[in-house]
Amino acid sequence: MAQQSTRDQTASVVIYGFGGVGKTQIALHYALNHLDDFDAVLWFHAETESSLRSSFSHAAVHLQLHNNGEDHINNRRNVLFWLQTTTAKWLIVYDNAESLAVLNQYWPISTRGQILMTSRKSVFAGPLAKDGLEILPFTTDTGGDYLIRYLRGKPETIYGEGSANMNIAMETSDQELQTARTLSEMMGGWPLALTQVASIGLKRHWNMTQLLEFYQRDPRRVREEISPELLHAGYSLSMRTAFQLSFKELSPQSLTILSIMSFYDPNGIPESMFSAKNLEDLPDTLNFLLDEFDVSKYIQELLDLSLIRRTLDSDGFSIHRLVQSECRYYYDNKDLQKYYDLATYTLCAAFPKQIDERYGERVAECARYIHHVFALRDNLAGLPRGSPMTPSDDFCVLMRNASWYCVEVHLTKELEPTVTIAMKAAKETGFADREPRHYAQLCNCASRLWAQKGNFSKALEFSEECRVIRERIGKDVWSAINNLGNLYLSIGDPMKALKTHEECASLFPDEASTKKHVLKMNKLNRGRTLTVLGQFLEAKALIDEADRLNDDKPIMRIHINYHRCLLLRAQGHFEPAIEGFEGCIKAIEEGTHSEPLLQAACLYKIGCICYQIGDHEAARTHLQQSHDIHELRESPSCELARVKYMLSLSMASLTGKADIEKQKSLLEAALKIHQDLSPGEQSEPVVCEDLFDKLVDGQLR
């Protein structure tokens, strides 16, 4: 505003953003702070033409331009004429502008004043106002500070001089500060929401913990309440009303897009998801997506009302969490089911399909959507009003594909709820019977889940169920047998593992007509099993054969080299083994397919070899790096146990107090994990590297 005022023209700025974000308060703050700069400050209510007429008539009377407050036509003309001809310096605030066409009739042509406009819509920037400024919600920390100040009866200190005189962090306990920031995060930093919940707490004399518990218990009641405290803070609407006003302005198509987005993660929603070229068998409700120009128009509606924001560094959008939850509250159960199904359909169409091969290079594409899959999954169980939702076939397919992605990238923490919910949905809806091939893959994912967590007996149950289904339908039998062989090796029965992998190989009498990746996998599995059995020459021959089957899958070559290094170590060739593991790490770092757990396994193996040959310092370095990766990735406890144990051994010679305490802590943690994962073990085990290796899935031993 100040920069514009230096020019020979009226300075004008629109501050825009979603209702309740604080636009009116900012305009009021500006006007109050600059009262001495103007001869007249005029505040016009711009929601409707009727409110503008009344505001202009009120101004005409106060400026003594007319003594009839009901003569709206002449009052508008007189006020505009005065604004355009007076030598007085003036400031106009058009508050809550809604219609460009209406406001244009009440817009002065002058070079002497300043105009500040507030609106939910960004459309006023350009046609009327020369500049636009979007007002965003508070950050989590600022929102938490605002709540604390409000409950202490000092909400005004969030702005202006007061904020400099009050150090919230210094005057607040860690627990209260964290609770306030948790509540702020739940509200998405939205000022109206924070003011609404804080006004309730202030009135009831609650502390921050009580306030958080109340909101968690009854969020709907908070959102609907309008209190005198809100009115004094400048808010005339409850949260619910503010949202509904915007929803009712939307076209049915824009509301459909918003409703779909309400079930996804609020950040990084790709625009390409709403392109009909990526969708097959389009439901009638989504036929409007066939016209790309219309789609852009409907999305612009959402952008204009600040219901969504475009992410500048991608082709996607973000949406406020409260917009999402209020959008879902907007519907009855029937419509909620409809839009949940549409959200599922759209995401299922976008997420890459997995049939009988790894995602490989497509994991990056999966990563664009996976957080939306998790949000959709969680919304099934956590929708408002306890709504009974029925998952569709698309839901089961989507969760099946997402489960395999989690398997492939070792996202064990998310794999468990994803595959559990998917299998439950498949059984309850009859999808398991209608689509046995998909259900078999869910069983396979469940088996891989429990193998990754070190529960091999439970993994075996799901793997055997998978084999039964695949043999019945005559599809992917080799894969089921292959997985069983891997599990037998994990359980500690290498002879049965070898026999099973040889049974799998017998399914391919003609290798020339068999897919290369299938042969490669079988030969590698037989080779690593023979390594465990000590048949090194035969193992090397099979691993070399697998390596020669070039199928342009670089990640498979890394796995082959990993097991070749295990063979070298078993043969006592330590230096070549270390070089080989280092080569695997370099290939992972230079590749496009992230394999953090395989990288951690390579570092672990290098650390073990270094310890074995007496280089304890190098062992500590590599084992600590492996440990850091596992902690960062929140890996299953079985993975951490073996690294903790070997890291504790490598630190045994250190004499510093902190080192001794760390070494003891690592060893105790490793032994505790082993005890938890091996509850039925009868005799006292011999504590060694092999003991902890046996906790881990055989493919990463």
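This note sets out selected features of the structure above in numbered points.

1. The model is predicted: local features require pLDDT of at least 70 and side-chain atom pairs count only at pLDDT 80 or more, while totals for chains, interfaces and linings use all residues. Residues are numbered from 1 along each chain as its sequence is written, and side-chain values use heavy atoms, with hydrogens and water left out.

2. Strand β1 (residues 11-16) is mostly covered, six of its six residues being buried (under 20% relative accessible area, with exposed over 50% and partly exposed in between, for a 1.4 Å probe and protein chains only). Ala-11, Val-13 and Ile-15 point one way from β1, and Ser-12, Val-14 and Tyr-16 point the other way. Helices (H or I, at least four residues) and strands (E, at least two) are DSSP runs, numbered from the N terminus.

3. β1 pairs in the parallel sense with strand β4 (residues 114-119) over six bridges; two strands pair if DSSP finds at least two bridges between them. Within β4, Thr-118 is the bridge partner of Ile-15. β1 also pairs in the parallel sense with strand β5 (residues 131-134), over four bridges, and there Val-13 stands opposite Asp-131.

4. Ser-57 belongs to helix α2 (residues 49-62) and is buried, with a relative accessible area of 2%. Beyond its neighbours within four places in sequence, Ser-57 is in contact (heavy atoms within 4.5 Å) with Gly-69, Asp-71, His-72 and Asn-75. Ser-57 and His-72 are 15 residues apart in sequence, and their C-alpha atoms are 5.8 Å apart in space.

5. The axes of helix α5 (residues 140-151) and helix α8 (residues 174-186) come within 8 Å and cross at roughly 115°. Axes are lines fitted to C-alpha atoms, for helices over the stretch in contact, and angles run from 0 to 180 degrees between N-to-C directions. The two helices α5 and α8 are therefore roughly perpendicular (65 to 115 degrees; under 35 counts as roughly parallel, over 145 as roughly antiparallel and the rest as oblique). Residues making the contact include Leu-147 and Ile-148 of α5 and Leu-177 and Ala-180 of α8.

6. β6 and strand β8 (residues 316-319) pair over two bridges, and Ile-269 has Phe-317 of β8 as its bridge partner.
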